[in-house]
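Dear colleague,

Please find the structure below, together with some notes on what turned up in it.

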Amino acid sequence: MQRLRELARLVEAVFDDLEQTFSNYQQQTGLTCLSGCGACCNNPKVEATPLELLPLALHYYDLGQAEQMLADLQQYSGFSCFHYKRHSLDGLAGQCSVYRQRPAICRMFGAASVGSKDGKGRLSVCKLIKQERPAAYESVIASDCTDAPRMSHGKSRIQQLDFRLGQQDMPINEALIVALEKVLFQSSFSDTESTGLVA
Ligand code: SF4
Ligand code: SF4
């Protein structure tokens with residue numbers, strides 16, 4: 001369990017760095033998210049690795065809610081992120097209920113560089129930001145856009161911390177299930193060790 005906690009601390013340190021980098025870029029260019037918007041959280045295609053969900057899984061474990069959260073997720077039939085709280089019927093307005101523990105992908109979304117076939121990367125901007133902030137978007141497009149932070153670099157910084165847990169992207173709710181199972185398995189093993197039942 002100690003190893004998982006140390007791993008989570010390393011993941012969180014990268015989270016903080018990514019958040020700063022991507023947020024600074026979005027502030028500098030004016031390509032910031034719309035107030036109250038949560039449209040991307042309402043999308044079933046959001047994917048993350050179990051490693052990105054490890055801090056959240058440990059958070060639930062420390063609250064004594066890991067088993068319950070695992071059961072809730074296994075029964076969840078909604079299509080969007082389990083932790084998205086909708087504020088409108090169409091789901092476009094809302095907020096994250098686990099903002100401090102949200103995975104890396106959620107800290108990089110909005111305006112960033114994504115991979116292109118020539119390996120140089122290209123600017124990718126959320127279509128709502130493009131619509132609402134056309135002047136900022138045109139201004140960034142008119143520049144060479146090479147200073148946009150790369151999402152793939154952010155992902156690989158996390159992945160390098162633990163290749164097994166960080167290797168596979170999957171729907172965000174499934175990634176949390178895997179992370180919770182890992183934490184619960186490790187905790188039961190630790191409990192057995194502490195009672196001296198493990199040779
Ligand atoms: S974890 Fe939070 S920010 Fe990420 S998709 Fe879910 S609700 Fe949105
Ligand atoms: S990235 Fe786009 S869809 Fe997501 S919260 Fe920001 S403005 Fe909304």
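Which residue in β5 does Val114 stand opposite? Val114 stands opposite Arg122, and strands β4 (residues 111-114) and β5 pair in the antiparallel sense over four bridges (strands, E, at least two residues, and helices, H or I, at least four, are DSSP runs numbered from the N terminus; two strands pair if DSSP finds at least two bridges between them).

This is a predicted model, in which local features need pLDDT of at least 70 and side-chain atom pairs count only at pLDDT 80 or more, while totals for chains, interfaces and linings use all residues. Residues are numbered from 1 along each chain as its sequence is written, chains are lettered from A and ligands numbered from 1 in the order in which they are written, and side-chain values use heavy atoms, with hydrogens and water left out.

The structure holds seven salt bridges (a side-chain nitrogen of Lys or Arg within 4 Å of a carboxyl oxygen of Asp or Glu). Among them, Glu19 forms one with Arg107, the closest N and O atoms being 2.7 Å apart; Glu19 lies in helix α1 and Arg107 in helix α4, so this pair ties together parts that are 88 residues apart in sequence. Arg102 is buried, with a relative accessible area of 8%, and Glu19 is partly exposed, at 24% (buried means under 20% relative accessible area, exposed over 50%, partly exposed in between, with a 1.4 Å probe and protein chains only).
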